[in-house]
Amino acid sequence: MKRVVEGSEAVAEAVRLARVNVISAYPITPQTHIVEFLSEYCANGTMDARFLRVESEHSALAALIGTATTGVRSFTATSGQGLALMHELLHWTSGARLPIVMAEVNRALAPGWNIWVDQTDSLAQRDTGWIQLYCEDSQEVLDTIIQAYRLGELVDLPVMVVLDAFFLSHTYEPVDVPDQKLVDDYLPSWEPKFQLDTEKPCAFGPLVTPAFYMEMRHAIAGAMEDALEVFPRVEDEFEKIFDRRYGEIEAVSCNDAEIILVTSGTATSTSRLVVENLRAKGEKVGLLKIKLFRPFPVELVRKVLAPAKKVAVIDRNFSFGASGIFAQEIRAALCNTMKHPPVFGYVAGIGGRDVTADVIEDIYRRAKASDFPEGESVWVGLQEN
Amino acid sequence: MNIVENFDLYAPRLVDKEEYFSAGHRACQGCGEALAIRMMCKALGSDTVIVNATGCMEVVSSFYPTTAWNLPWIHVAFPNAASVGAGVEAGLKVLRRKGKIADRDVKTVCIGGGGGTFDIGLQALSGAMERGHDMLYACFDNEAYMNTGIQRSGATPFGASTTTNPAGRASSGKGEWKKNITEIIAAHGVQYAATACHSYPLDFMNKVKKAREVKGPTFIHCLAVCPTGWRIPSEACIKMGRLASETGIFPLYEVENGKYRMTIKPEKLRPVGDYLKAQGRFRHLTPEDIERIQEKVYQEYNKLQDKVNNLHAWSELK
């Protein structure tokens, strides 16, 4: 049924539809609406789940490692500082091979205390072994959370579904909220391989010496590779029932494009409009949206970008001392191809500043005007002193 | 007084013969903590899930691919045993309600060392106690970060020399008093909190059994003598636990629904010097230092005795 819902409600509806057993979370702006909706569902019986109102984000994820090890479907949501506090246990979740799903509402890290969108919080967790999926609109958020359980439970890895603060979490859009029956057909109950069970005692989280540790890590690397294979199957099954798919990446007008813009999150929607307008003026521009960030779909990205003359990556994040993080990944993906276009890195929209159509068009014009990147990253829209 | 009179006669009938924490773990010789855990598990029985904070017991018992545990066991990082325990309790409840596991009363039992409980794990512990999870949290307190090599913690007693608070010309060891963790947890209004020591096995196991019966959060603070960290011979482990009680340094008591009770009450407290002088970690203390500790011990003991004499169970209060 189509309803006009807030992005946060789309998350909560997906969690309800996925028949999550335990939610454990700590409130932080801009994630709060998600946990408020879920608390209401638990309070009024719409959802048959236990809500653990823990005393910190670190405990939120610790508790879920406990619940998931007993073998029940588990969910949390956080943002910015909260995700940073969870960091230790992000590694633990993937190492323990638990398919916990988290909604991560991108929020800028302090100081400057800032509650607005910035992807550095989630991108700084790229090496923690979580699958990461960046969403563009509320429908995609809802669908992706349901898919995340399917994907995570098939490869035994946790999944972070990432959405922009306010632009997505607090914006109302029409969303198709599917019937429970259809979601049940799509998402079977989770059958964990090992559980905390007094009938069959197992030990979880032991001391592991160099004789075994490396193999365990290698197995996680293998599961990430499996996730690349499994993702399209998860989407195929989803499309059959719901008639929607998103792709690991989405290429818009890229076939004959000379300059391809690369985006993620809500900046993609604005970029779609800019590309359409520029195309109407005869500009050979394309757009590549990155949804699946971990595992990074290197082959798919290469295939789209390699034929272009220039690539312009828009990063709403920054790695100090290096560059925008998507730009790094794109450069790394392209460098082992024999012939590839130069990658222009642009940093925009940091800490919730608008990435308007004008900003995006300016980025396109800049990339078009120079033969080679001025530097690893160009910050656009900075105020002049 | 002899609290284990006729021990040989009664113990086999009182104590489970099943071993849940088995031989083959890698604890030091004379480890009080390993002994205490073995006793605790016997008191708990097989319907138990153990959640272990990082620390000595985690490291010595779980050397992959071996395990000393015959109970389901999970270790997740250092600061959060109580949070993981909260999750385990919640998960098991869901499974039980949905009929996915046998409808048995499985108890979630968190264990942590002094540092994992007094310091880094205190927030998670406080949260879990406040939320009222059905779990026992047992702290095995060996009074320093022993796993990492005898570093000072909030559980380290005044005057003890540790590797991060060594006694020297300008220092006489730790300059601060030990936190009173049992009072901190009792202040959460839990139904049962107690102190215990492996040197009084039946007292300890009775307390574990009492805690297990409560449907809600409970806490046991078990003094775990560490010969390695305390600089004592390994065979002195049991004796040192006894001296801790006999000097009043570590009184054994319980708080049940608000009512305080001394479970082991020495007729007359021995001087603290008997305890302090037997341990290498206190070797540097001057007679003045010992006198200062003696005064504090009397003061704390009297405070406790005052609670025992004057505080009533909640049900008796209007």
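1. In this note, Ala, Val, Leu, Ile, Met, Phe, Trp, Tyr, Cys and Pro count as nonpolar, Asp, Glu, Lys and Arg as charged, and the others, Gly among them, as polar. The model is predicted, so that local features need pLDDT of at least 70 and side-chain atom pairs count only at pLDDT 80 or more, while totals for chains, interfaces and linings use all residues. Residues are numbered from 1 along each chain as its sequence is written, chains are lettered from A and ligands numbered from 1 in the order in which they are written, and side-chain values use heavy atoms, with hydrogens and water left out.

2. On a 1 Å grid over the protein atoms alone, a cavity is a set of points where a 1.4 Å probe fits but cannot get out, whereas a pocket is an open set with protein on both sides within 12 Å along at least five of seven lines; lining residues have an atom within 4 Å of a point. Grid points are joined across faces, edges and corners, and a volume is the space filled by probe spheres set on the points. Three cavities of 30 Å³ or more are counted, and the largest cavity has a volume of about 50 Å³. Its lining consists of A:Gln119, A:Ser264, A:Ala267, A:Ile314, A:Asp315, A:Arg316, A:Ala348 and A:Val355, which by class are four nonpolar, two polar and two charged residues.

3. The largest pocket holds about 1200 Å³ of space. Its lining has 38 residues, and those nearest its centre are A:Gly95, A:Ala96, A:Arg97, A:Gly205 and A:Pro206. With helices (H or I, at least four residues) and strands (E, at least two) taken as DSSP runs numbered from the N terminus, at least two lining residues come from each of α3 (57-70), α4 (80-95), β9 (203-204) and α8 (210-242) of chain A, and likewise from β2 (73-75) of chain B.

4. Two or more lining residues are given by each of α7 (181-186), β6 (218-223), α11 (273-276) and α12 (287-310) of chain B; α12(B) gives the most, with eight residues. By class, this lining has 16 nonpolar, five polar and nine charged residues.

5. Both chains contribute to an open sheet of nine strands with mixed pairing, whose order is β9(A)-β2(B)-β1(B)-β3(B)-β4(B)-β6(B)-β5(B)-β7(B)-β8(B); two strands pair if DSSP finds at least two bridges between them. The edge strands, each pairing on one side only, are β9 of chain A and β8 (259-264) of chain B. Strand β7 (residues 252-256) of chain B pairs with β8(B) in the antiparallel sense over five bridges, and B:Glu256 stands opposite B:Lys259 in β8(B).

6. Helix α11 (residues 325-334) of chain A is mostly covered, with nine of its ten residues buried, where buried means under 20% relative accessible area, exposed over 50%, and partly exposed in between (1.4 Å probe, protein chains only). Among the buried residues are A:Phe326, A:Glu329, A:Arg331 and A:Leu334. A:Phe326 also belongs to one aromatic cluster with A:Tyr134, A:Phe293 and A:Phe296.

7. Where do aromatic rings meet across the two chains? Rings of Phe, Tyr and Trp (its six-membered ring) pair if their centres lie within 6.5 Å, and planes under 30 degrees apart count as stacked, over 60 as edge-to-face and the rest as tilted. There are 19 aromatic pairs over all chains. A:Phe212 and B:Tyr64 form an edge-to-face pair, 5.0 Å centre to centre with 80 degrees between the planes. This pair crosses between chains, from helix α8 of chain A to the loop between α3 (56-61) and β2 of chain B. A:Phe212 is partly exposed at a relative accessible area of 31%, and B:Tyr64 is partly exposed at 30%.

8. A search of the whole structure finds zero disulfides over all chains, a disulfide being a pair of cysteine sulfur atoms within 2.5 Å.
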